[in-house]
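Welcome! Here is a short briefing on the charged pairs in this structure, to be read with the model open beside you.

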Amino acid sequence: MRVAIYVRVSTEDQAREGYSLDAQEKRLKAYCTLRTGWEVVETYRDEGFSGRNPARPEYQRMLSELDRWDVILVLKMDRIHRNSVNFTEMMEFLYRNGKDFYSMTDKFDTTTAMGRFVMDIIQRMAQLESEQIGERVKLAMTKKAASGDGPMGSPEPYGYRYSNGELVIIEAEAEVVRRIYDYYADGLSMENIATMLNNEQIPSKKGGEWSRQAICKILHNPLYAGYLCWDGNSYKSKMPAIVSEETYTEINGPIQE
């Protein structure tokens, strides 16, 4: 069994007894001498890096050199990760590549059938937690949309700006939005509308030129008629409308609530 020893100290850990890099490495190498066939092929040492940050140079070097070793050995699980999501992602990476993990103090060992079973339970618990968070976020966003209390996305739509979490109309941009609806209702194509605005040197939201896609987003976004769109449904909003609902439905048909 080819062993990659990983040791880490963060700034706050360096003064703690038994947590210095040399102390960790010494204990882990001594442990390997007691395990039949365990050969240390490399020691990876990260000094002054938080366990919550996976972008550690020696940790990343270790993962890039996985052909050199069969198992990662650490003194404690928190030496390699202090974040359960990062730890689970690492374990999934090791599993896909046929590698193992062993924590000397915690007796966490994926080289055995029981250890792999425990790892499977941990991964399933992490997946359950992730899915439950997703369900709670979706429920909260649906309630927010149904109440019409606020915008559902972070980028500012053309014609609006954010103020204290609310959308406020920018009248100069709102007038452009109304012109876009009028032009399209009069039979102009989206390409022609974009060309007209560019010829007038009217900047888009990000300051660049208008495109067919930008015109399309404005024409088909129920926000401009006072509706929030979330998860395929539209909800009457308390946000200010720029065009009337009649103007919007003439182009898009009835709004499905």
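Glutamate 42 counts as partly exposed, at 22% relative accessibility. This is a predicted model, and its structure holds 15 salt bridges.

**A pair between helix 2 and strand 2**
- Glutamate 42 forms a salt bridge with arginine 61, and their closest N and O atoms are 3.7 Å apart.
- This pair links distant parts of the chain, with arginine 61 in helix 2 (residues 57–64) and glutamate 42 in strand 2 (residues 39–47), 19 residues apart.
- Arginine 61 is partly exposed too, given its relative accessible area of 27%.

**A buried pair**
- Arginine 79 and aspartate 78 meet through their side chains in a salt bridge, at 3.1 Å from N to O.
- Arginine 79 counts as buried because its relative accessibility is 0%, and aspartate 78 is buried with a relative accessible area of 19%, since the cut-off for buried is under 20%.

**A pair within helix 5**
- The side chains of glutamate 175 and arginine 178 also meet in a salt bridge, at 3.5 Å from N to O.
- About one helical turn separates glutamate 175 from arginine 178, because they are 3 residues apart in helix 5 (residues 171–185).
- Glutamate 175 is partly exposed at 42% relative accessibility, and arginine 178 is partly exposed with a relative accessible area of 24%.

Note on methods. Residues are numbered from 1 along each chain as its sequence is written. This is a predicted model: local features need pLDDT of at least 70, side-chain atom pairs count only at pLDDT 80 or more; totals for chains, interfaces and linings use all residues. Side-chain values use heavy atoms; hydrogens and water are left out. A salt bridge is a side-chain nitrogen of Lys or Arg within 4 Å of a carboxyl oxygen of Asp or Glu. Helices (H or I, at least four residues) and strands (E, at least two) are DSSP runs, numbered from the N terminus. Buried means under 20% relative accessible area, exposed over 50%, partly exposed in between (1.4 Å probe, protein chains only).
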